[in-house]
Amino acid sequence: MFTSGFVRAFLSAALAASATLPAQVIISQLYGGGGNSGATYRYDFVELLNKGDNPVSLSGWCLQYASATGVFTLGNNQSTTLTGTIEPHRHYLVQLAQGTGGTQNLPTPDATGLTAAGATAGKFALLSSNCGTALAAGEGTSGGRIVDFVGYGTTANLFEGTGPAPAPSNTNAAMRGNQGCTDTNSNSADFSATPPNPRNSSVENLCGVVIPTLTSINAIQGAGSSSPLTGQSVTTQGIVTARKSNGFFLQNAENEYDANPATSEGIFVFTSSAPPATAAVGNRVQVTGSVVEFKGAATDPDGMALTEITGPTVSQLSTGHPLPAPIVLNAADFTRGGTDLEKTQPLERYEGMLVTAVSLTAVAPTQGSLSEANATSTSNGVFYAVLTGTARPFREPGLILPDALPLGAPVGTPRFDSNPERLRVDSDGITGVAAANTAAGTVFVNATGPLDFGFRTHTLLPTTPLGNPALPSAGAAPAPLDSEFTVASMNLQRFYDTADDPGGDTQLTSQAFINRLNKLSLSIRNVLNSPDIIAVQEAEHIGALQAIAAKLAQDDPSLSYQSFLVEGNDIGGIDVGYLVRGNRGITVDQITQEGDARQFLNPENNQLETTFDRPPLVLRATVTPPGGGASRKIIVVNLHLLALSNIETSARRRAKRKDGADFVAGLVQQLQASNGRVLVLGDYNAFEFNDGYVDVTGAIMGKPALPSEVLLSSPDVVNPDLTNLGLLLPASERYSYSFDGNAQTLDHALASQSLAAIVTRMAYGRSNADFPEIARNDAASPLRLTDHDHPVVYLAHAPTDATASLAIQEPAFVYNRTTRRLEATIKITNNGRSIGGPLQILVGGLPRGVTLEGSSGVEEGVPYITLQRGLDTGEMIQVPLRLLTNGAGVSSYSIRVLNGRF
């Protein structure tokens, strides 16, 4: 709180400023409807006000009344004698005649009379002498003994100025403007009809010279996540530190800080439009307004808010003040003291204050607004960062804090702490500061500005430009080896064409479509290295895929992609499909859409509704190495499941997501039970772990969360479990999307055991999730084609027979009485080109009952041993073999060597 000495000093200055006001008493308010029908007060009254700085004695004063057109007389109680003194800036209440109605008495009057004033018209004269004589017509309305005169109502024939005061009524008094203070000697201009507000000598009225009780900024902010003064009107003072388009930041001078480190010394003053010139940076100002907690979204009941002052009046007190030194942020400032809602934002203690980050590392790119029809974006300057040296934040399991657990959620539901180490940066939030358009990973030094709050995250508003660092190049997925083929997934982010089709599509301009095709071609060719099979999500129709294939062939004639798509149920007209590369030994055996008629029960209305907007699309294919050889059959399941939007509040969406996951799990089990090599990839719109509502990915993998850990649990129908191929990557690379500064994986690739056995590696093509929204505008770059990065799965072709290029010595087996095994050591020499690994040593021709010890498996009835190595030209290796026998001998056997994975 400010000291009482400061308040006294302010009061002295205010009174000194008002010393030029004349010592005068005026009729500030009058009311003739007292006791009438509908009236609140039982009595008529006249209220006086001493506007001056000195007391005024009322000895010899009186108040005389006349009807609207009548003359002043002393009869019929038309005159009231006044006594006592009116102190400076105080009212004086004269109670007059009582009516038969009304419900309330007046405040204690300072004088009483019996005049029955007209409710809608009349005349009052305030006289300072000679009260024994009625006011004469020739005396007019001013001068001499007349201190003040008011004629009111349209029929009044005498008044100050050019017209009478507006007519009051049984429910309205006639009151001067500015709470009874305005006196321009014009009754019509000075008065208005307002509800009666009788004030006696206990009420002070400084007529615009307000002596407020000052509340320090730290008392307004308080020590918790919300202000203890929310909803109250306050007056405070401070130094303006920065200006936004709709307000400014106010901060205590450093010598006004309190001793509590949990209370902030800064606050945002919301002016709605551009703040006034008086709120210039460096000015000390006084602000009066209401304290509110602003969330920005009425649909976020559990989110925290920004403490601010709204509806302000701003007065300049002085100029040229140095700004308070910014708080230097360190890692400890981002550490919570617990997980309760009061502590979910550790930076609350600095809200509204100037802070600085010596070094910031962007962990998510600059956002923006997309013009879909033009395929262009504009920057909004917002990105997320951490203090340099802090690990990149990743989405973690569970319901995000501070969301409340939904009804029915088990106590074991995991909770995600929302990564308090994140700092939102609005690089152009301060008026006149240019946006920084950055990619993730960029380092900024000495970022300084006030600490704002938005989107559930404290937000730094730099007061000087951070600059526009050069964007890094896209991170291309590795080119496949000759022994590999690749399957990729691409979410194209609503890939529409130039036609205005029925439904919810967007019609692109011709240039926008050309630009999107060009970026897409660059992405497929240069970032993903032209995968053999591309599972596509969010394509408008088969024509859109065919346009992509034609563009690829135009840019690289060696690329010949076939297009496959089956229309789904999406009201926006986006579907899943495939692009399959020709001349690469891929034969499409069958394309089937699954679950298109599937329905679930909507718990919000108990009606059956369609489960899949975009039903899974299954591709069965035979893959043969381009140079010939053994082929493989694989099954690809392309998913684009229901988005996470509104899952916190929508029971319908949760039920729909669960039913979709359960159906896909059953489909996967059916496919792998038929000995199929199954790859399930696409945009799952789900994390690789339990989000607390529905464990979508876990259900499809065969590892659903336990009922004690998730709101809607799924049965375990997948056996054996699928393998999450994303786990082949380092932890820092396990993401395909960025949301509110949290890296997360929405685009997964899950493999059945038989398919996982031929997976050689996995990668994400990095050209989208880490790059700023305005990179979308460069048609000559693959950057920001979409908002998802694309997974690429590398699979081994069927092994090739390398036996013909090898010299193999096959000695006879000899029985070893110590080991009780038949033993032989074969020698393999490479007489041809170098062979990559792995090597599969097949031992054929063994009698029934004889088994190969240490066998890696059996292929078409023949046991084999896998060597995780290759064989260079001229190199010789020795491979010991041991046979378990039932007493039978082995007179002959044969060795074949294959190169590759089964």
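Visitor: Which helix gives the largest share of the lining of the largest cavity?

Guide: That is helix α7 (residues 651-673), which supplies four residues of the lining. Helices here are DSSP runs of H or I with at least four residues, strands are runs of E with at least two, and both are numbered from the N terminus. This is a predicted model, in which local features need pLDDT of at least 70 and side-chain atom pairs count only at pLDDT 80 or more, while totals for chains, interfaces and linings use all residues. Residues are numbered from 1 along each chain as its sequence is written, and side-chain values use heavy atoms, with hydrogens and water left out.

Visitor: How much space lies in the largest cavity, and what lines it?

Guide: The largest cavity holds about 100 Å³ of space, and among its 13 lining residues Thr611, Phe612, Leu641, Leu642 and Lys656 lie nearest the centre. On a 1 Å grid over the protein atoms alone, a cavity is a set of points where a 1.4 Å probe fits but cannot get out, whereas a pocket is an open set with protein on both sides within 12 Å along at least five of seven lines; lining residues have an atom within 4 Å of a point. Grid points are joined across faces, edges and corners, and a volume is the space filled by probe spheres set on the points.

Visitor: How does that lining divide into nonpolar, polar and charged?

Guide: Six of the lining residues of the largest cavity are nonpolar, three are polar and four are charged. Here Ala, Val, Leu, Ile, Met, Phe, Trp, Tyr, Cys and Pro count as nonpolar, Asp, Glu, Lys and Arg as charged, and the others, Gly among them, as polar.

Visitor: And how many cavities come out by this rule?

Guide: The count is seven cavities of 30 Å³ or more.

Visitor: What about the second largest pocket, which residues are closest to its centre?

Guide: That pocket has about 720 Å³ of space, and of its 25 lining residues the closest to the centre are Asp482, Ser483, Thr800, Gly836 and Asn899. By class, its lining has twelve polar, eight nonpolar and five charged residues.

Visitor: Switching topic, how many disulfides are there?

Guide: There are two, counting a disulfide as a pair of cysteine sulfur atoms within 2.5 Å. One joins cysteine 62 to cysteine 131, S to S 2.3 Å, and that link is left-handed, with -95° about the S-S bond. Cysteine 62 lies in strand β4 (residues 62-66) and cysteine 131 in the loop between β9 (122-127) and β10 (146-152), so this pair ties together parts that are 69 residues apart in sequence.

Visitor: And where does the link of cysteine 181 and cysteine 207 sit?

Guide: Cysteine 181 is in the loop between α2 (177-180) and α3 (187-190), and cysteine 207 in the loop between β12 (191-194) and α4 (217-221), 26 residues apart. Their S to S distance is 2.1 Å, and the link is left-handed, with -80° about the S-S bond. Along the chain, the bonded cysteines follow the pattern 1-2, 3-4.

Visitor: Are cysteine 181 and cysteine 207 buried or exposed?

Guide: Both are buried, as are cysteine 62 and cysteine 131. Buried means under 20% relative accessible area, exposed over 50%, and partly exposed in between, with a 1.4 Å probe and protein chains only.

Visitor: Which residues have the most contacts inside the largest nonpolar core?

Guide: In that core of 33 residues they are Met490, Phe495, Leu520, Ile524, Ile548, Tyr561 and Leu579. Such a core is a set of buried Ala, Val, Leu, Ile, Met, Phe, Trp, Tyr and Cys residues joined through side-chain atoms within 4.5 Å. The elements that each supply at least two of its residues include β28 (484-495), α5 (510-527) and α6 (542-555).

Visitor: What is leucine 520 in contact with?

Guide: Leaving aside neighbours within four places in sequence, leucine 520 is in contact (heavy atoms within 4.5 Å) with Met490, Leu492, Phe495, Ile548 and Leu785. A second, separate core of 30 residues includes Leu399, Leu639, Ala686 and Leu750.

Visitor: Last one, where are the cis peptide bonds?

Guide: One joins leucine 401 and proline 402, with omega about 10°, and another joins glycine 837 and proline 838, with omega about -5°. Proline 402 is in the loop between β23 (399-400) and β24 (415-416), and proline 838 in the loop between β47 (821-830) and β48.
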